[in-house]
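The sequence and structure come first.

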Amino acid sequence: MLAPWIPDPHDRSFVARCLGDEGPPHHRTSTFALLSLLQRAMDLAPQAGAPSPSGPTIPVPLRVPPHVREALDPGEREYPIGMPVGALSRRFPDPVARAAAVESLVDGPPHHALANVLMVAMLDELLRRLGDGP
Amino acid sequence: MTALPPSLGRTFLLAAGELGFFSAARIFVRETSAAYGPDGVRAMREQHGRDYSVLDGVAARYLDTGALPGVDATRAAEALRDASRVLVVGFEADALDLLVPLLPAVPAGLLMQRSLGPVDWDRVLANFDDRLTAVPFDDLQKWAGSRAALLTFVYGTAGSLAHVSSEWLRVMGPDVRPQFRSLLGWDLLPGGPEVYPRWLATADVATFSALV
């Protein structure tokens, strides 16, 4: 499920752990249920097949304090998945509203933010297959 | 019963503080065997095994097999090969002596946190020729990153529980876990100690992203 967006297996394991092993149990189960439904919807949509994400994304920061963030290697300050913003940009053309949506989606505990990001990624792909966007 | 030096237990604790339980146990079993033979190793188990479960476990394996339990760093090195850096929680001299040279391109740090008592960190780190950086506890998260790894030593598992040093529990908060890509446990004493693992803590094996 994660491979199209996170090709590296180590990176994929990291995100999978954050989604499936971290955070409260009810959240993990909810994430799995919602991602499974989105996967099913993608499978049934036109142009079925492996997603090939290529649009613009925004980074998802590691949840560390600001002074720690500055100390980290610039290449390691984000999780190894970016959030696609193509569908969000079309749905929220107003930059203020779009920025608020983006900020809310990538904020919060890592398990929460990463679940949001993956759902947005799958929705972005699903909407593309349904004819919304390039 | 073989008469052993009365200070042996206290000496072992001092050595374990700076070498790690497993590494100190290997030395004490080897030297006790050399000086007193297998009966001396049995006497050491009898007198100190309940207090020092890893010493007891190493001695038991020695008495069973005639050899000290080995240390193989290849699987840990393989698991850490792609890491950008590794922060070691807990200390085992024998293990790190082998592991650090296998990872020349991976910066390694040692968290300066020991629950066993005062440690002369300069003396500990001097053995690694700057290949191991001292990391104060306050700087723990500065070693985080999307390709960073945490490593600790495991002294056997029992069902879903792993015997670890208590430092690991200090680190394994829900805030830190998602800040490191890998949470590696290196089991130095598969099968674990035969006696209650006094001085050790338990962690669910699921808290590791990998156990080697």
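The sections below cover the basis of the values, the cavities and the nonpolar cores.

## Basis

This is a predicted model, in which local features need pLDDT of at least 70, side-chain atom pairs count only at pLDDT 80 or more, and totals for chains, interfaces and linings use all residues. Residues are numbered from 1 along each chain as its sequence is written, chains are lettered from A in the order in which they are written, and side-chain values use heavy atoms, without hydrogens and water.

## Cavities

Two cavities of 30 Å³ or more are present (a cavity is a set of points on a 1 Å grid over the protein atoms alone where a 1.4 Å probe fits but cannot get out; lining residues have an atom within 4 Å of a point). The largest has a volume of about 80 Å³, and its lining includes Phe21(B), Arg114(B), Glu167(B) and Trp199(B).

The second largest cavity holds about 40 Å³. Among its lining residues are Val86(B), Leu96(B), Arg131(B) and Leu132(B). Helix H5(B) gives the most to this lining, with three residues (helices are DSSP runs of H or I, at least four residues, numbered from the N terminus).

## Nonpolar cores

The largest nonpolar core has 55 residues, and Phe21(B), Leu96(B) and Leu132(B) are among those with the most contacts inside it (a core joins buried Ala, Val, Leu, Ile, Met, Phe, Trp, Tyr and Cys residues through side-chain atoms within 4.5 Å; buried means under 20% relative accessible area, with a 1.4 Å probe and protein chains only). Helix H2 of chain B, residues 21-48, gives nine residues to this core.

Technical notes
1 Å grid on protein atoms, 1.4 Å probe; cavity = no way out; pocket = protein on both sides within 12 Å on 5 of 7 lines; lining within 4 Å. Points joined across faces, edges and corners; volume = space filled by probe spheres on them. Helix = DSSP H or I, 4+ residues; strand = E, 2+ residues; numbered from the N terminus. Buried < 20%, exposed > 50% of the residue type's maximum accessible area, 1.4 Å probe, protein only.
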